[in-house]
Amino acid sequence: MKNKRIAVLMGGWNSEREVSLRSGEAVYQALIKLGYEAIKIDFSRQIFAQLQEAKPDIVFNALHGQFGEDGRIQGVCDILQIPYTHSNLLTSALCMDKVLTRKICATVGVKFPYFEILK
């Protein structure tokens, strides 16, 4: 892996941008310290072009919340055929929907605390 180019995705434009920037910077610094070739990408609506220009061998997803944890960036990476860290598109999308996740868990006997849906 040390000869692989790792793109650290961070930032974005949702309410968790600042947390993502801090997480991404910490990941980037750790990779550099360990001797990896890493680059930082501040996630934007031009992510396809950003990734195509960077030509990473793998993406480390340090994005938080919408677009980072809901399967969307995983879908982008799948389309561009770039491997990535963390869960795949379907798993991410399902787990982001807490009610659906609990319904799935209930059907296979996974125990979880009582919850109520508020509208």
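**Reading the fold and its contacts**

Q: In which helix is S20 found?
A: S20 sits in helix α1. Helices (H or I, at least four residues) and strands (E, at least two) are DSSP runs, numbered from the N terminus. This is a predicted model, where local features need pLDDT of at least 70, side-chain atom pairs count only at pLDDT 80 or more, and totals for chains, interfaces and linings use all residues. Residues are numbered from 1 along each chain as its sequence is written, and side-chain values use heavy atoms, leaving out hydrogens and water.

Q: Is S20 buried or exposed?
A: Buried means under 20% relative accessible area, exposed over 50%, and partly exposed in between (1.4 Å probe, protein chains only). S20 counts as buried because its relative accessible area is 0%.

Q: Which residues is S20 in contact with, leaving aside its neighbours within four places in sequence?
A: Contact here means heavy atoms within 4.5 Å. With those neighbours left aside, S20 touches M10, G11, A62, L63 and H64.

Q: Now the overall picture: how many helices and strands does the protein have?
A: There are five helices and three strands, and along the sequence they follow the pattern β-α-β-α-β-α-α-α. The C-alpha atoms fill a box of roughly 45 × 25 × 25 Å, taken along the principal axes. Of the 119 residues in the protein, 34% are buried. Among contacts between residues at least 6 apart in sequence, 61% join residues at least 24 apart.

Q: How many bridges join strand β1 to strand β2?
A: Two strands pair if DSSP finds at least two bridges between them. Here β1 (residues 5-11) and β2 (residues 37-43) run parallel and are joined by seven bridges. To find the pairing on screen, look for L9, which stands opposite I41 in β2. From β1 the chain crosses through helix α1 (residues 17-33) to β2, and this β-α-β crossover is right-handed. The test for that hand is to view the strands pointing away from you: the path from the first strand over the helix to the second then runs clockwise.

Q: What describes a pair of aromatic rings?
A: Such a pair is described by the distance of the centres and the angle of the planes. Rings of Phe, Tyr and Trp (its six-membered ring) pair if their centres lie within 6.5 Å; planes under 30 degrees apart count as stacked, over 60 as edge-to-face and the rest as tilted. This structure holds four aromatic pairs. One of them is F43 with F67, a tilted pair at 6.2 Å centre to centre and 40° between the planes. That pair links distant parts of the chain, 24 residues apart: F43 is in strand β2, and F67 is in the loop between β3 (58-61) and α3 (72-80). F43 is buried at 7% relative accessible area, and F67 also counts as buried, at 19%. F112 and F115 form another tilted pair, 5.9 Å centre to centre with 50° between the planes. F112 counts as partly exposed because its relative accessibility is 32%, and F115 is partly exposed at 27%.

Q: Which residues do ring pairs link into a cluster?
A: W13, F43 and F67 are linked this way.

Q: Which ring does the charged end of K40 sit over?
A: A charge sits over a ring if NZ of Lys or CZ of Arg is within 6 Å of the ring centre and within 35 degrees of the ring normal. The charged end of K40 is over the ring of Y28, 4.8 Å from its centre. Likewise, K2 lies over the face of Y36, at 5.2 Å from the ring centre.
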